[in-house]
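Please consult the sequence and the structure shown below while reading.

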Amino acid sequence: MRGISKALKIKLEVLLGNDAKLSDGAFERELYSMDIGVIPFSRLLFKTLPDLIIRPKNIEALKKIIKVADEEQIALFPRGLGSSGLGGVIPTVGGIVLDFSSLNEIDELDRENRMITVQAGARWSDIEKFLRTEELAMRAYPSSFFSTVGGWIATGGYGIGSFKFGHLQSQIEAIEVLFPSGEVKSIKQDDEAFSRFFGTEGQFGIILTATLRLRTKPIKSMPHLIYFECVEAVVTFIKDMINAGIEPYHIKYVDSAYLEKTNKLLEEKLFRERDAIVVTFEDAAEDQKFLSFAAKQGIHADEYLARYLWHERLFSMKRKGHGSTPLACEIILPLENFAPYLNRISQMAARFKVRLNVESHIIGKDDALVLVHYDSDVRELRTYLAHLTLIPLLTRLGTTFRGTPYGLGIWNAPFIHDKFDRQMLRCYKAYKHEVDPHNILNPGKFFAARTKWANIPGMLLNPAVFRLITRMVPVFSPIIAQPILKEKSTKDETALEKTVYSCVKCGNCAANCPAYLVTQDELLNPKNKLYLAKKLLEEEEIAKIDAEKVFLCLHCGMCRDVCQNDLDLLTAWSELEKRLEDRFGKPEKAIRNFVSAMEESEDYWRFIYAQKV
Ligand SMILES: Cc1cc2nc3c(=O)[nH]c(=O)nc-3n(C[C@H](O)[C@H](O)[C@H](O)COP(=O)(O)OP(=O)(O)OC[C@H]3O[C@@H](n4cnc5c(N)ncnc54)[C@H](O)[C@@H]3O)c2cc1C
Ligand code: SF4
Ligand code: SF4
């Protein structure tokens, strides 16, 4: 792959004119070299800093970019909100990051056929807002409500509502895809190629639009919380319920550790600290059927507390600023292996002395999407690295229970043979060669991770070698992990420090920050301001021009209201501004210009109005 010369950058600027925003500032490139995962030393292995970031404003611009990239053999890394954590959006060889934030139009609402067509950069929360005044609603959506439609097609497809509506693929009528050849194809659900774009992380083409099937908006949601003595009892109950023909909208499992954490968060022991499920109905008749089914079994279903958990479905990373770095493994498991898997992983976690939290969307009558997460702290580097090694172990163990890794990206690429059988993989590789012969789309990941240094470190990510490593890790990692076991004191941390190290980088705040949404300036994105704060706290170099952007804030508190981790962002902004003012002075003129630009902006008032509807 080639890098981007000055001449090529100028060529792109001229070619795209006002149809795209190009940036290559040092700080911005750094922001685009990450996703929500925190993997120390990844820069040593890959060229994670992109040469250029392009935010196309329309599809014509995108076509021009892909044409140049294919001709010049420049790597392209499509990026939605960067809320995935396996390295799928991270550049491996520099190149161009294609940011879809401006391709977020709702193209058409077809009320008669109950369908909506949206651009790939539209967020699920945008669609929900758009449909607020309609009789129609989305079928299923990810708990990362703030992520993009294109991103969820490319990565996952299971989330809230999957029990009733199945995989995202079955809810999409058609997608439009742009191929490296410059061709745009509309691919319908019954087309043979359709499934190739789901879960293949942008390897074959760029998703431009999707036509989603909608449903009649339910009058209300009726969640019920049920506790169980053990996880085996959970599985038996779910199976019996399904066999009785009861059809909830959604079923979510949470373990005792999850409810213990929730109690801590609420500072009250409201929930019993046991295995539990939240079963949610949107149809009154089904709900009644369920209640009598539960009553016959002598099971009490709590509604009041269930409401809280149902509301929290969109805040799955809430930990109330416990200054730690969350680590997670996601795997799809047959329901029959759910209980044995959970029992085995808790033994494994005990060796690493970490407390696992398990949540799971039950995604059909036979399968569960299991999310196992635990806390570590990247500031305790040695322990953190040892804790990181637990993730592939949890994944490997899942595969022995006939589980399938949910995503691949860079870090799960060694599990590709566990995700696709030989025939499927052969077919995917042939298709990649056919549609992307120069391998410009998301290279160096998914099929195989390719590192710097002539790919010598990359040998470790070869599936066979990696398998050997995962056999050795259980011996060494728990020993390395030991010293961290003392609780780190966070007593003396300032509000800013606490906030910076508790931000999980999910990006929910970005989807609700008027300053960012109106200016579309990544440096105003609250998540990115916290990254700048982190650099400040760690005494890394910061440019004045980047620091000034922090002051372009309305102090409206919208970010705090939606923060996944309940962080006190307003206090953090005040402290950050104070520290930057002491160092660089206050950019009074820039602030005045910003405030008047916001007041004059139609987008701003549209945003404010939408919040009130
Ligand atoms: C709090 C939280 C909750 C989550 N809940 C869920 C959940 O319920 N279900 C679930 O599946 N995941 C979940 N995730 C993971 C993540 O949010 C999803 O994978 C999400 O849909 C990714 O969307 P994104 O816009 O952030 O995509 P990104 O992370 O930006 O991109 C993901 C991949 O898609 C590719 N891509 C992005 N846009 C395009 C495009 N237009 N064309 C081609 N390729 C593209 C990228 O190159 C990358 O490989 C959660 C994450 C968080 C932080
Ligand atoms: S307080 Fe500032 S950062 Fe937060 S949402 Fe408002 S403008 Fe954005
Ligand atoms: S500030 Fe909160 S909402 Fe924003 S990225 Fe961090 S944890 Fe997520």
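How do the residues of the shell around ligand 2 divide into nonpolar, polar and charged? They comprise 10 nonpolar, 2 polar and no charged residues; Ala, Val, Leu, Ile, Met, Phe, Trp, Tyr, Cys and Pro count as nonpolar, Asp, Glu, Lys and Arg as charged, and the others, Gly among them, as polar.

## Basis of the model

The model is predicted: local features need pLDDT of at least 70, side-chain atom pairs count only at pLDDT 80 or more, and totals for chains, interfaces and linings use all residues. Residues are numbered from 1 along each chain as its sequence is written, while chains are lettered from A and ligands numbered from 1 in the order in which they are written.

## Ligand surroundings

A residue belongs to a ligand shell if its C-beta atom, placed from the backbone, lies within 6 Å of the ligand. Around ligand 2 the shell includes Cys-513, Cys-553, Cys-556 and Cys-559, together with His-555. Helix H19 (514-519) and helix H22 (558-562) each supply at least two residues of this shell; helices (H or I, at least four residues) and strands (E, at least two) are DSSP runs, numbered from the N terminus.

Ligand 3 is surrounded by 15 residues, of which Cys-503, Cys-506, Cys-509, Lys-527 and Cys-563 are the closest. This shell divides into 9 nonpolar, 4 polar and 2 charged residues. Helix H20 (residues 526-537) provides its largest share, 3 residues.

## Nonpolar cores

A nonpolar core is a set of buried Ala, Val, Leu, Ile, Met, Phe, Trp, Tyr and Cys residues joined through C-beta atoms within 7 Å. A residue is buried if 20 or more other C-beta atoms lie within 10 Å of its own, exposed if 12 or fewer, and partly exposed in between, with C-beta atoms placed from the backbone.

The largest core has 105 residues, and Leu-76, Ile-96, Ile-153, Ile-207 and Ala-210 touch the most other members. Strand E10 (residues 206-216) contributes the largest share of this core, 6 residues. Another core, of 54 residues, lies apart from it and includes Leu-225, Tyr-258, Ile-363 and Val-372.

In helix H5 (residues 124-131), Trp-124, Asp-126 and Ile-127 are buried. They lie on the same side of H5 because they cover an arc of only 160 degrees around the axis, taken from the directions from the helix axis to the C-beta atoms.

Phe-584 is located in helix H23 (residues 569-584). Phe-584 counts as partly exposed because it has 17 C-beta neighbours inside 10 Å.
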